[in-house]
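Thanks for making the time this morning.

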Amino acid sequence: MAKAPSAQAHAPAPAVAASHHELSKEQLRAIFRSMLLQRTVDNRGFQLNRQGKIPFAAGSEGHEAVQAGAGMAFQRGRDLLVPYYRDVGLCMACGFPTIEVFYSLFARAKDNGGGRQFPSHLTKKSAGIFSFSSIIAGHMAHAVGAAYALKYRNERDRAVICTFGEGATSEGEWHEAMNFAGLHRLPIVFLCENNQWAISTPQEKQMAVKDVAIKASGYGMEGVIIDGFDPIAVYDAVAAAREKAASGGGPTLIEAKCYRFLSHTTDDDDRTYRSKEEVESHRKDDPVPRFERWLVEHGVVSTVEVEALKKDVLREVNECTDAAEAEPYPQASELYTNLVEGAWEPWQ
Amino acid sequence: MAVTTGTNVMNNVEAVRATLYEALKNDPRTLVMGEDVGPRGNVFLITKGFLDEFGPQRVLDTPLAEASIVGIAVGMAMEGLRPIAEIQFSDFIFPAFNQIVGEAAKTRYRSNGDFTCPLVIRTPYGGGVRGSLSHSISVEALFYHVPGLKIVAPSTPADMKGLLNAAIDDPDPVLYLEHKKTYRLIKGEVPDGHYTIPIGKAAVRKEGHQLTVVSYGLNVHQALEAANQLEADEALKVEVIDLRSIRPMDKQTILASVRKTRKLLIIHEDNKFGGIGAEISAMVAEEALFDLDAPIHRLCGPDVPPMGYALPLEEEFMISTERMKQRMREMVKF
Amino acid sequence: MATTITMPQLGESVTEGTVAQWLKRVGDPIEKYESFVEVSTDKVNAEVPSPATGILSRILVNEGETVATGTPIAVIEDVAAAGAPAPSATAPSIAEPAQMADARTPSEQIAAAIPTPAANGAARSAGPQTTTPSGAVISSASAHASPAVRKLAREHNLVIAEIRGTGQNGRVTADDVIAYAKQRGGAPAPAALGAMPYAGEAFHTTQQIGGAPAPVPHGAAAMYANPQFGQTIPLTPARKIIAERMVESKHTAPHAWSMVEVDVTNVWKWRSREKDGFQQQTGYSLTLLPFMLRAVSEAIRQHPLLNARWTPEGIHVNAEINLGIAIGLETNLVVPVIRNADHLSIKGLAIAAGELIEKARRNRLSVDDLQGGTFTVNNVGANGSVASAPIINGGQAGIVTMETVVRKPVVTKDDAIAIRSMMNVCLSLDHRVIDGLIASRFLNALKAGLEAMGPTGSL
């Protein structure tokens, strides 16, 4: 864990951070399983799209460590998660059921959002996971409002975790939300998943600074830069920031530097704007095999267990795929429901 | 559901203030937020004294940032509070357009009911107060296209209270428009106690059988004055409907009246093109064409951005009562 | 020179103010911009600076009083003019809201220029009347019947052109229609289009009442009257309706056909004897038609099924015998109706038919004239036909034609050969309603009726 702005992105690849003493072996295995699940679900989304079974998917390959680590710091039943559209892994790590991800991918009637939004736009109030739109940074103020509500009600040991990409930091609403959170020292953790690309726009065309985290100083909050390929570093930073927030210490801006291995979505072809070499140079630090090696080297899991875990994750994803695909679409009449409570009285 | 013990005469500012006060008193989930609502008590003194009584957490002076005033209120509402956000002047609402249209109005829909957004956005609108280009405009037409967003524009103190209570009680977002010129101009009796006026219900302010006038806000009072004069001086019987709610709109009351009078005049201060009158005209043409005995007319603000600061520029924009009378007379006699 | 000071508007939305304190007394000198009164509103408290230099000559509002913005509160007298007479009530004010003489938008001014019936004297003039050509919808619309007027007229079977309009420029208003309908009495008849074959045309043509006596075909109608080879003639509303009705009748009513030969020698003699006197007396020429109508009425009375119509619920035998007479015009075909034809004498029938034919030629048939027929007579013989297979008028059970009267040798009852005036009568019938037996009986009754008529009868 390093203070802004000194740290670099995850290169040269350090060993996984050593400050994992808080995490039990079970937790470390859970983080790893979460990373495997995220990658497998990601791949499945692209596969289903290429099979013509779903019209759209957004992957998060390269974000696994950030999301699995942050998910481990999230306190289920207490914390609120206000995510963005590349957070399927984080949502699952915070308690969002895998099968429901597939309801969303297939836009089935059982999707919490009724098949209305794009895949990856999840919602599950009972798990503290907020509904959000595709409007970049539109959710920032919601997270801040929710944090205000927690503080307003004097709710101890609760915090909001709000995530976004580095592109969102260019939005005016991002600034407004950060400003308000800093002003009122709200119980919130801002986690920037800096994958260096906003669709085709690289970070250097997005901002004049190298590190998002330094922006924190303008809002009177601490900024932290971490290796987003290291789940333990992410866990440490998010857990510490969450603890600070939940105990009245105010917000923190964490910048987790990672990389987007896939195209923006299934509708995007990244070969038009970035080189294969660039992608490959990051691939060598791919967080999933790296963490796998670390776990084996440190005796947390055996190679046999790793293979068993991978098989189990694939089985789960296969089962969820088949089960969700077998579910029906929403009825066309569902278009007209849940606009407002009761009936909306249009002109018809 | 009115629990009334009597009435008080109030102007519109006092009615809004009294209603907000009662809401803060009665429901700990409610809070008011906006620019200068704290020690200043809002620029029209609507929240005057609230800070001392309810404290800075519930009378929240926000940074000068309209998008987040609404956006933060949306988050509060999604997390169980009942925020009453204020945009200081409706002219300043546009930075919050995304939060109102893209977020608040879609929260319930996009989550299929998983989340709701019980939010009130209050904002003063309208001209005739020497407010010039950026303190005079009407914004209702820019929002009434949006399904899921309720819009009310009460004109009388009693309606101010009843509809504000309804908006606060409503489980979905409501844009609550207060015409600035009526703030202190219009006085009326306001029943005591908590009562609501259903959103989506118009009021027939004056009955008549020769012409239906549909209006809202300040223009309702002028239309009533014009109609009363025409009745007293020329025995013309004009029916005046106060829309009160712009969306959902009370189609039944409008159609029933038009089917009776066979003539429809819509009056609003907002620009004519694409205004509220356009939708009412289309609706009546669709539903009641064969009951019409005259072309539908709209008496509206001209299609220039807003009114100017100079008095003649403002007066040219605003619709005078005399102009209303003239148009009503023409239509009755048509 | 005096300056009247009015209650200023201190802040947006403020409509009144209270004089909190006078900082000057009457007679005190005041410098321009010097504060002279403190005013409070529910938004602000403020000292008001003077707009002029002079002497505070009058205080019009006492401390503690609240007045509307724009109300005069004080008068400041110009120093040089001190001692001059007290300012008159018409002293110019500095902040009085202008009552704009004509604060209307250009479009308002145009609208105001539309001539309207003078409102009663209490109505104030809304401004200068200009000669700007009216661009307003109101005036251009006055030439047309509004949707409500059309609907009401249809419901009451009224012709709009016959109603006096009380609206702008004599426009017929919805209230006018209702009043007219009340005045005429009777409940609105059901607007059964099937019973008013060419109502659309009637609506169209009656608009011309008061114009030229004989309408000149124009547009598509003119092309129809004078067709060119290779030309496609656009369809007039009337032609469309005729086409629809013909197709509908032919498709829904299975047509059967029958013909009898009628000896009209005697009735023709009768007619020849009466025609001059009749013409003189009534102005109408006497043709064979009223004799035929009389005979048809009688035959229908004997065979009511000919006066019936097919409905899915059953065969409805109409209560009245209303005979339609098919009249061919240059571009059009109309079938006006003689109501209760069986109540009329031959003379009455002649007059009724004469009136309808006259109206048809002048395009003055009303909707009433055109609807309610229960059986139709078509005098095709006037054009030389000796046999035809007419199409039943929709909603009726039959139609008969009168063919050309032909003088020819006929074998008489006593086997002699005589020259007689013979006329074929052809019947098309709706076979759903009537079978051949009844048709034959009806035709024979009709034939017998006509042949029984002779010079000894009474018109």
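In chain C, strand β6(C), residues 54-59, and strand β8(C), residues 72-77, pair in the antiparallel sense over four bridges, and within that pairing R58(C) stands opposite V75(C) of β8(C). Please keep in mind throughout that what you are looking at is a predicted model. These two strands sit in an open sheet of four strands, with antiparallel pairing and the order β1-β8-β6-β3 in chain C. At the edges of that sheet are β1(C), residues 2-6, and β3(C), residues 29-30, each of which pairs on one side only.

Staying with chain C, strand β2(C), residues 16-22, runs antiparallel to strand β4(C), residues 35-40, and the two are joined by four bridges, with V19(C) standing opposite V39(C) of β4(C). What does β4(C) pair with besides, and over how many bridges? The partner is strand β5(C), residues 45-49, again in the antiparallel sense, and here there are five bridges; V37(C), for example, has V48(C) in β5(C) as its bridge partner.

Chain B brings in mixed pairing, in an open sheet of seven strands whose order is β3-β2-β4-β5-β7-β6-β12. Its edge strands, pairing on one side only, are β3(B), residues 59-61, and β12(B), residues 245-247, while the twist from one strand to the next averages 20°. Within this sheet, strand β4(B), residues 82-86, and strand β5(B), residues 120-125, pair in the parallel sense over three bridges, and E86(B) stands opposite R122(B) of β5(B).

Helix α1(B), residues 12-26, lies across β2(B), β4(B) and β7(B), and runs at about 130° to β2(B). Helix α7(B), residues 157-169, packs on the sheet as well, touching β2(B), β4(B), β5(B), β6(B) and β7(B), and its direction makes about 160° with that of β7(B).

Let me turn now to the contact between chains A and B, where 37 residues of chain B are in contact with 37 residues of chain A. On the chain B side, α3(B), α4(B) and α5(B) each supply at least two residues, and the largest share, nine residues, comes from α3(B). By class, that side of chain B has 15 nonpolar, 14 polar and eight charged residues.

The crossing of α5(A) and α3(B) is right-handed. Among the residues that meet there are H142(A), V144(A) and Y148(A) from α5(A), with I72(B), V74(B) and M76(B) included from α3(B); the residues of this contact divide into eleven nonpolar, five polar and no charged.

I will end with a caution on confidence. The mean pLDDT of chain A is 92, and 93% of its residues reach 70 or more, but over residues 1-15 of chain A the pLDDT is below 50, although this stretch has 31 contacts in the model beyond near neighbours in sequence. Where pLDDT is low, the predicted coordinates should not be read in detail.

Definitions and conventions
Residues numbered from 1 in each chain as written. Chains lettered and ligands numbered in written order. Predicted model: local features only at pLDDT ≥ 70, side-chain atom pairs only at ≥ 80, totals over all residues. Contact = placed C-beta atoms within 7 Å. Nonpolar A, V, L, I, M, F, W, Y, C, P; charged D, E, K, R; others polar. Left-handed = near helix turned anticlockwise from the far one by under 90°. pLDDT = per-residue confidence, 0-100. Pairing = 2+ DSSP bridges. Axes fitted to C-alpha atoms, helices over the stretch in contact; angles between N-to-C directions.
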